[in-house]
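Please open the structure in your viewer and keep the selection tool at hand.

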Amino acid sequence: MTDTDALRDQILAEIAAAASPEALESVRVAAMGKSGSVTALLKTLGGMDPEARSEAGPRFNGLREAVTAALAARKIDLETAALNARLIAERQDMSLPAAVAAAGTIHPISQVMDELAEIFADLGFAVASGPEIETDWHNFTALNIPESHPARAMHDTFYIAQSPPEGKLVLRTHTSPVQVRTMMSQAPPIRIIAPGRVYRSDSDATHTPMFHQIEGLVIDRGITLAHLKWTLETFVKAFFEVDDVTLRLRPSYFPFTEPSVEVDVGCSWAGGKLSIGGSDSWMEILGSGMVHPRVIAACGLDPAEWQGFAFGTGVDRLAMLKYGMTDLRAFFDADLRWLKHYGFSAFDVPTLSAGVGA
Ligand code: PHE
């Protein structure tokens, strides 16, 4: 047995005994590092005469290769062992119920928007959206509210001071501009809802400068007020989860619908508590109507061919009616106690089969 063989056996034994990546690394450095034993041996080749070198060269290189291969193989063994140990330690019983309390809660407004999307998806409505910084044209003009129209004053609009010269910009005062954007960007038949934030310069217990609306729009051939009424009834029943729902349609006025109807839902205040159903009392819940032919024309469609209905309602208000909050401002206070009390579990995804009402 040569010295080389002895050195190889010794190093291979050390490699086999290395129990961690760190231990293996010190064996590597001691053998193959700058001043390692194998490196030192290889360095002696330079000083040998040719005959001795041709004998020692292959032997030393054989040693180096054997050590390199053993190091690599041991490294893989140690890594595999570490991974296996981790996999065993991390094993989870997937049959356990998910009983972990989620750290946060779903805000009632998000919850109600999900509920509405679920209800309308079932009726074949897609979800559309539009910008919150909107052009004056989309927010008003295209909706049959020309400049100087008194309805502009009704909206307490926030105007953007640095508007580009080609058109004034506003914070959208309602979700109705999404009607315009949808009609201009997709061919009928159209069935969409558009939930989102809207802004008006108004603030008290029942008004906040930012609040949420949801818009609905249907454009097709031969659409009538009866389709609107059926759709709203179906929606209100599913949302409040009461079959005995009475709707009252009152003539109203919106520049972008003709005829326009405001919709009240029958409710009762028996025992001082609001419940939806019956017709003891009425609660206004939304504005709606048949889309005005001028709006359809402004969007580039022929009103003789296409008709439709639209509705808009306040998401915050719907949430208050359904879940019994009394002060609108609490929605935006980020008070943890309120959020814990009124928030929803992240596991509580609204579905029509399991009930949208959580
Ligand atoms: N945009 C109206 C509002 O903000 C609501 C509405 C939408 C009315 C669609 C009719 C049709 O009050």
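Select Pro-21, Leu-24, Arg-28, Ala-31 and Met-32 in helix H2; they meet Arg-64, Val-67, Thr-68, Leu-71, Arg-74, Lys-75 and Leu-78 in helix H4. Please note that this is a predicted model. By class, the contact of H2 with H4 comprises seven nonpolar, one polar and four charged residues.

Next, select residues 108–122, which form helix H5, and residues 315–323, which form helix H11. Here the packing angle is about 95°, and the axes are 9 Å apart. H5 is therefore roughly perpendicular to H11. To view the contact, highlight Ile-109, Val-112, Met-113, Glu-115 and Leu-116 on H5, together with Val-315, Asp-316, Leu-318, Ala-319, Lys-322 and Tyr-323 on H11. This contact of H5 with H11 has eight nonpolar and three charged residues, but no polar ones.

Finally, select the ligand. Which of the 14 residues around the ligand come nearest? They are His-174, Ser-176, Arg-200, Gln-213 and Glu-215. A polar side-chain atom of Ser-176 is 2.9 Å from a nitrogen atom of the ligand. For Arg-200, a polar side-chain atom lies 3.0 Å from a ligand oxygen atom. The side chain of Gln-213 has an N or O atom 3.0 Å from an oxygen atom of the ligand. On its own the ligand has 330 Å² of accessible area, of which the protein covers 90%.

Notes:
Residues are numbered from 1 along each chain as its sequence is written. This is a predicted model: local features need pLDDT of at least 70, side-chain atom pairs count only at pLDDT 80 or more; totals for chains, interfaces and linings use all residues. Side-chain values use heavy atoms; hydrogens and water are left out. Axes are lines fitted to C-alpha atoms, for helices over the stretch in contact, and angles run from 0 to 180 degrees between N-to-C directions. Helices (H or I, at least four residues) and strands (E, at least two) are DSSP runs, numbered from the N terminus. Angles under 35 degrees count as roughly parallel, over 145 as roughly antiparallel, 65 to 115 as roughly perpendicular and the rest as oblique. Contact means heavy atoms within 4.5 Å. Ala, Val, Leu, Ile, Met, Phe, Trp, Tyr, Cys and Pro count as nonpolar, Asp, Glu, Lys and Arg as charged, and the others, Gly among them, as polar. A residue is near a molecule or strand if one of its heavy atoms lies within 4 Å of it. A polar contact is a pair of N or O atoms within 3.5 Å; within protein, one must be able to donate a hydrogen and the other to accept it, and residues adjacent in sequence count only if both atoms are side-chain atoms. Accessible areas come from the Shrake-Rupley method with a 1.4 Å probe; for residues, only the protein chains shown count as cover.
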